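This briefing goes through one protein chain, topic by topic. Keep the structure in view while reading the points below.

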Amino acid sequence: IGAAYSVAAWLLVILLPEFCMRMFTNEPDVIEHGAEALKLYFFGFFMMSLQFSGQSTFVSLGKSRHAIFFSLLRKVVIVVPLTLLLPMVGSLGVNGVFIAEPISNAAGGILCFSTMMATVWRELGAKEAAKD
């Protein structure tokens, strides 16, 4: 369900950015420039479903520290440095600020989900072996 929500929201923003912008403003200049920025910022939003499922699993298994770690990893360790560095790369400028978010969504989501899968599968395997 989380993946379906993320993909649906991502498609809405990527395919209809002007529609999304008009919910907040009717200014043509803001819509024109904001639509492109919105598409850049939300480019990797569908990858957030990996982070959602990983963090939810960690919390439900009583591993809240893992969930907090991956939340801080994505926003503090990945987004903040990228937001400061990417505008200086090539000629990205302001677009570098917007590109930092999809990079963090992908990196944080993949790291969180793969850690969750490794942790959960290991624990489930141990529980199954104990039953036999």
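The buried residues of helix α4 are covered by elements that include α1, α5 and α6. The model is a predicted one.

**Helix α4**

- The buried residues of α4 are Met-48, Ser-49, Gln-51, Gly-54, Gln-55 and Phe-58.
- Helix α4 has 13 residues, and the distance from its first C-alpha to its last is 18 Å, close to the 18 Å expected at 1.5 Å a residue.
- After α4 comes Gly-62, which has a positive phi near 75 degrees.

**Gly-54, a residue of α4**

- Gly-54 lies in helix α4.
- Is Gly-54 buried or exposed? Its relative accessibility is 0%, so Gly-54 counts as buried, the cut-off for buried being under 20%.
- Leaving out residues up to four places away in sequence, Gly-54 touches Cys-112 and Met-116. Both Cys-112 and Met-116 are among the buried residues of α6.
- Gly-54 and Gly-109 are 55 residues apart in sequence, while their C-alpha atoms are 7.9 Å apart in space. Gly-109 is also one of the buried residues of α6.

**Helix α6**

- Helix α6 covers residues 94-131, which is 38 residues. At 1.5 Å a residue it should span 56 Å, and its end C-alpha atoms are 56 Å apart, so the two values agree.
- Among the buried residues of α6 are Gly-96, Ala-100, Glu-101, Pro-102, Ser-104, Asn-105 and Gly-108.

**Val-120, a residue of α6**

- Val-120 is placed in helix α6.
- Val-120 counts as buried because its relative accessibility is 16%, and buried means under 20%.
- Apart from neighbours within four places in sequence, Val-120 is in contact with Thr-57 and Leu-61.
- From Val-120 to Gly-54 the separation is 66 residues in sequence and 9.9 Å in space, C-alpha to C-alpha.

**Helix α1**

- Helix α1 is made of 14 residues, 2-15, and should span 20 Å at 1.5 Å a residue. Its end C-alpha atoms are 20 Å apart, which agrees.
- The buried residues of α1 are Ser-6, Ala-9, Trp-10 and Val-13. They cover an arc of only 100 degrees around the axis, so they lie on the same side of α1.
- An α-helix has 3.6 residues a turn, so residues three or four places apart point the same way.
- Ala-4 and Leu-15 are exposed, on the other side of α1.
- The buried residues of α1 pack against α2 (17-22), α3 (28-41) and α4 (48-60).

**Aromatic rings**

- How many aromatic pairs does a search of the whole structure find? The search finds six.
- Tyr-41 and Phe-42 form one of these pairs, which is edge-to-face, with 5.5 Å centre to centre and 70 degrees between the planes. Tyr-41 is partly exposed, with a relative accessible area of 32%.
- Phe-69 and Phe-70 also form an edge-to-face pair, with 5.0 Å centre to centre and 80 degrees between the planes.
- Phe-69 is partly exposed, at a relative accessible area of 49%, whereas Phe-70 counts as buried at 5% relative accessibility.
- Tyr-5, Tyr-41, Phe-42 and Phe-45 are linked into a cluster by ring pairs.

**The chain as a whole**

- The chain has six helices and zero strands. Its radius of gyration is 18 Å, well over the 14 Å that the globule rule gives for 132 residues, so the chain is more spread out than a compact globule.
- Taken along the principal axes, the C-alpha atoms fill a box of roughly 65 × 30 × 20 Å.
- Of the 132 residues in the chain, 32% are buried.
- Among contacts with a separation of 6 or more, 63% are between residues 24 or more positions apart.
- The accessible surface of the chain is about 8300 Å², and 71% of it belongs to carbon and sulfur atoms.

Methods. Residues numbered from 1 in each chain as written. Predicted model: local features only at pLDDT ≥ 70, side-chain atom pairs only at ≥ 80, totals over all residues. Heavy atoms only, no water. Phe/Tyr/Trp six-rings, centres within 6.5 Å; stacked < 30°, edge-to-face > 60°. Buried < 20%, exposed > 50% of the residue type's maximum accessible area, 1.4 Å probe, protein only. Helix = DSSP H or I, 4+ residues; strand = E, 2+ residues; numbered from the N terminus. Expected span 1.5 Å × (residues − 1). Arc of directions from axis to C-beta. Contact = heavy atoms within 4.5 Å. Rg over C-alpha atoms; globule rule 2.2 N^0.38 Å. Areas by Shrake-Rupley, 256 points an atom, 1.4 Å probe, with all protein chains shown as cover.
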